[in-house]
Structures are given as C-alpha cells and as structure tokens.
Amino acid sequence: MTERPAEPLPENRVWARHPRRTGSVLIVGAGAVGGFVAEELARIGFGPLHLVDPDTLALENIVRHPLGAPELGQPKATALAARIRRDFPSCAAVGHCADFMALPDEERWSLVREADVLVAATDSAACQRAVNKAALVAGRPAVFPAVWVDPRIRDAEVGEILWTLPGRRTPCYECAAAFRRAASDTQAARGARVDIQLIALATAQVVTALAHPDDARSAILDRRRTAIYLHGFTPTSPGVEAVFPTDGLSSRSVRVPFPPRPCPVCRGWRYVATADASAGRDGDLPAPRGGAEPRWPVGAVLTAVLLLVTVLFVVSLAQSTHA
C-alpha cells in the first residue's frame with residue numbers, strides 16, 4: 001500500500017502551524033495573565049520575549065499560573081522564560097527578575113526599543129503608567145490586560161484588554177484613567193484559571209494584530225473601539241447583567257473617549273480626535289511635538305478675528321460720528 005502525498009494546507013492553516021510573522025514583545029508582569037500571554041505568544045511564534053517581574057512563585061499562585069510546584073520559590077520571570085525555552089525551543093525567552101520602574105534607564109529603554117509591542121500585565125497602576133509613558137516615547141503600541149475585581153461579580157468573570165497606539169492615534173492608558181475608574185477595579189492575578197487563560201488568548205490575538213497591522217488578521221481591531229471586554233464561562237453576575245445580558249462566553253469592544261482636556265502624558269484630547277476624524281484620516285494623528293499645546297480650531301480663530309474687526313469698525317464709526 002503506497003502512501004498518498006499529503007495535500008497542501010490552506011494558507012491560514014500553514015500560518016498556524018508554521019508561524020512566519022514574528023516579532024519581539026516586552027511583557028511587564030509574569031503573573032497569571034502575563035504568564036499565559038507569554039506562553040501563547042511563544043506558541044504563535046513570537047520572539048524574542050522579554051519578561052520582567054520582581055516576584056517569586058508562591059504556593060497560592062500555582063492554582064492559576066502556568067508554572068507549578070517544581071518552580072515554587074523561584075523568580076517568576078526567569079522560571080517562566082526557562083519553561084518557554086524548553087517547550088518552544090525556537091522562542092528566545094529572557095527573564096528579568098526586576099521591577100520595571102527600578103531598572104537602570106539604559107537597560108529599561110533598551111528593552112522598550114527592542115520590542116515591537118509592549119504588554120503591561122501587572123496589577124500596579126504606577127507600573128502600568130510607566131509602561132504607557134515608555135510606549136509613547138518609544139513609539140510602540142501597548143496592551144493592558146487585566147481582570148475585574150469587584151464584590152458584585154465573580155473573580156475573573158470579566159476581563160479587560162485596553163490597547164493603545166502611539167502618536168495620539170488612540171487614547172493612551174492615562175487618557176482612559178477616568179473611563180476605567182467608572183468600571184470595576186482591575187487586577188492581573190486573581191480569578192479562575194480557565195477565565196484567565198481566555199483573557200490571555202484574546203490578548204495574544206490583540207498583540208498579533210498590533211505587531212502586524214498589514215495582515216488580514218488585524219481587522220479584529222477597530223481604532224475607534226480600543227477596549228475589549230470579555231465575559232467568561234461562568235453565569236452572569238447581577239453587577240454586569242447590563243453589559244452581558246446572557247450567561248456564558250461573550251465579548252464587547254468599547255469606545256474609549258479622548259479626555260475633554262489635553263492628556264498630560266500624550267497630549268491627546270477630544271477636539272483633536274474630532275477634528276481629525278472630520279478630516280477623513282480616521283484618527284491617524286501626528287506625533288506630539290515637545291508637549292506643545294493643541295492648535296485652536298480654525299473656525300474659532302476666524303470667528304474671533306471677525307469679531308475683532310467688527311468691534312474696531314464700530315469704535316471707528318462712533319469716533320467719526322462724535323467728531
């Protein structure tokens with residue numbers, strides 16, 4: 001009996017089995033979410049991966065972390081990088097047992113500049129803001145995955161993925177601060193393992209789309225809707241029924257607005273976004289220049305000039321009549 005030659009796989013299956021489009025990713029936070037994101041990116045074919053986390057694996061972590069009992073007491077970042085190199089030999093994963101904000105400037109900026117995409121999977125708001133600033137300065141897209149922690153809902157029932165582009169093309173993490181405060185608090189390391197893995201899978205797809213914007217798969221992102229909310233497999237809690245009216249797995253992409261005043265970090269603001277959309281550039285704004293104040297609306301300037309001319313004309317006419 002002769003073997004029949006294997007039929008060529010369709011293009012999408014070839015890409016899934018033999019990833020060709022890779023890139024470098026910096027993942028700040030190697031906890032539950034960051035750990036599973038790193039594993040999924042390695043599986044897709046990304047590399048090198050740089051993992052930054054100052055913590056060690058504790059007993060309470062292993063119920064929801066990709067690492068297990070053999071790695072107890074070891075630094076999460078270096079142990080996870082070693083696991084990835086063993087399971088995915090083609091992925092150059094490097095662990096850094098350090099606080100991202102405490103890294104020497106030269107080392108921190110070297111990591112940021114090398115990355116095609118930054119992922120902030122930490123439950124420290126200060127660290128997320130630091131990653132946001134670094135991404136803006138270096139001109140890199142960034143992704144901020146987390147799970148909701150709220151007494152009204154189950155842990156990890158809702159996942160949140162915020163993604164940003166540099167150059168004020170989307171609201172940055174700081175722009176979204178008020179928007180996010182209106183929702184539940186977010187954490188990166190609590191909840192059921194299955195729901196955290198769901199968030200990690202979705203985050204990996206967002207990273208892939210940002211790293212390869214010319215690929216057809218990038219169509220999953222909408223520049224006007226830069227926050228993705230996922231509901232896990234558990235029944236819907238009363239606190240989120242308005243957002244997710246049915247039980248089970250579902251998702252929503254949400255528009256994060258620019259702030260009404262210039263953002264202190266990226267200088268983006270509501271008028272800039274509105275004016276740019278009316279110009280037909282779909283939010284593709286130029287990069288900010290040295291924190292300069294945004295330009296005044298052209299219509300407002302013309303109105304002010306006309307008003308000044310009218311006032312001067314009335315004053316001149318009154319003086320002529322009086323003479």
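**Figure 1. C266 counts as buried, at 4% relative accessibility.** Buried denotes under 20% relative accessible area, exposed over 50%, and partly exposed in between (1.4 Å probe, protein chains only). The structure is a predicted model, in which local features need pLDDT of at least 70, side-chain atom pairs count only at pLDDT 80 or more, and totals for chains, interfaces and linings use all residues. Residues are numbered from 1 along each chain as its sequence is written, and side-chain values use heavy atoms, with hydrogens and water left out. A disulfide is a pair of cysteine sulfur atoms within 2.5 Å, and a search of the whole structure finds zero disulfides. C172 is accordingly in no disulfide, the nearest cysteine sulfur being that of C266, 3.7 Å away. The sulfur of C266 has its closest cysteine sulfur in C175, at 3.5 Å, which is too far for a bond. C172 is also buried, with a relative accessible area of 1%.

**Figure 2. The side chains of R83 and E71 form a salt bridge.** A salt bridge requires a side-chain nitrogen of Lys or Arg within 4 Å of a carboxyl oxygen of Asp or Glu; here the N to O distance is 3.5 Å. The pair links distant parts of the chain, 12 residues apart, with R83 in helix α3 and E71 in the loop between β2 and α3. Helices (H or I, at least four residues) and strands (E, at least two) are DSSP runs, numbered from the N terminus. Both partners are buried: R83 has a relative accessible area of 16%, and E71 has one of 12%.

Figure 3. R108 is buried, at a relative accessible area of 14%.

**Figure 4. D87 and R86 meet through their side chains in a salt bridge.** The N to O distance is 3.0 Å. D87 is partly exposed, with a relative accessible area of 37%, whereas R86 counts as exposed at 56% relative accessibility. The count of salt bridges comes to five.

**Figure 5. V63 lies in the loop between β2 (49-52) and α3 (76-87).** At 59% relative accessibility, this residue counts as exposed. The C-alpha atoms of V63 and A32 are separated by 9.4 Å, and the two residues are 31 residues apart along the chain.
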